[in-house]
Amino acid sequence: QVHLGESGRGLVQAGGSLRLSCAASGRAFSNYALAWFRQAPGKERDFVAAIDWSTPRTYYANSVKGRFTISRDNAKNTGDLQMSSLKSEDTGVYYCAVRSSRSASYTALASSAGWYDSWGQGTQVTVSS
């Protein structure tokens with residue numbers, strides 16, 4: 001089991017920026033696929049962005065494409081989500097997640113919450129309009 005911890009929670013005005021970070025335990029972080037999901041009150045957990053273990057290939061939900069950037073630093077066992085041009089609909093609890101094994105079907109699985117096997121506790125992001 002990989003232990004994950006998010007940081008960077010905050011309240012920001014619409015149009016502003018915020019950076020979330022995810023720190024992971026373990027020695028094999030470079031082999032993990034990393035993703036961010038978010039959950040608004042009363043809604044399901046939605047995919048935000050994903051990055052694979054080494055290429056790095058990145059994937060984004062259409063709603064954040066062009067505004068959010070996912071990145072990772074394998075040397076530091078961290079992953080970041082840089083969020084810009086924030087909108088009120090970006091409000092929610094943001095979770096980082098990892099999959100601790102590779103898959104040849106990564107492209108098809110990257111946006112699926114059920115594929116990830118370790119999750120952080122979540123961090124609140126509130127965007128005021």
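**Salt bridges and burial**

Student: Why is arginine 19 called partly exposed?

Tutor: Its relative accessibility is 42%, and the label covers values between the limits for buried (under 20% relative accessible area) and exposed (over 50%), with a 1.4 Å probe and protein chains only. So 42% makes arginine 19 partly exposed. By the way, this is a predicted model, where local features need pLDDT of at least 70, side-chain atom pairs count only at pLDDT 80 or more, and totals for chains, interfaces and linings use all residues. Residues are numbered from 1 along each chain as its sequence is written, and side-chain values use heavy atoms, leaving out hydrogens and water.

Student: What makes aspartate 80 and arginine 19 a salt bridge?

Tutor: You need a side-chain nitrogen of Lys or Arg within 4 Å of a carboxyl oxygen of Asp or Glu. Here the N to O distance is 3.1 Å, so the pair qualifies. Aspartate 80 sits in strand β8 (residues 78-83) and arginine 19 in strand β3 (residues 18-24), 61 residues apart; a strand is a DSSP run of E, at least two residues, numbered from the N terminus.

Student: Why is aspartate 80 called buried?

Tutor: Aspartate 80 comes in at 15% relative accessibility, so it falls on the buried side of the cut-off.

Notes. Helices (H or I, at least four residues) and strands (E, at least two) are DSSP runs, numbered from the N terminus.
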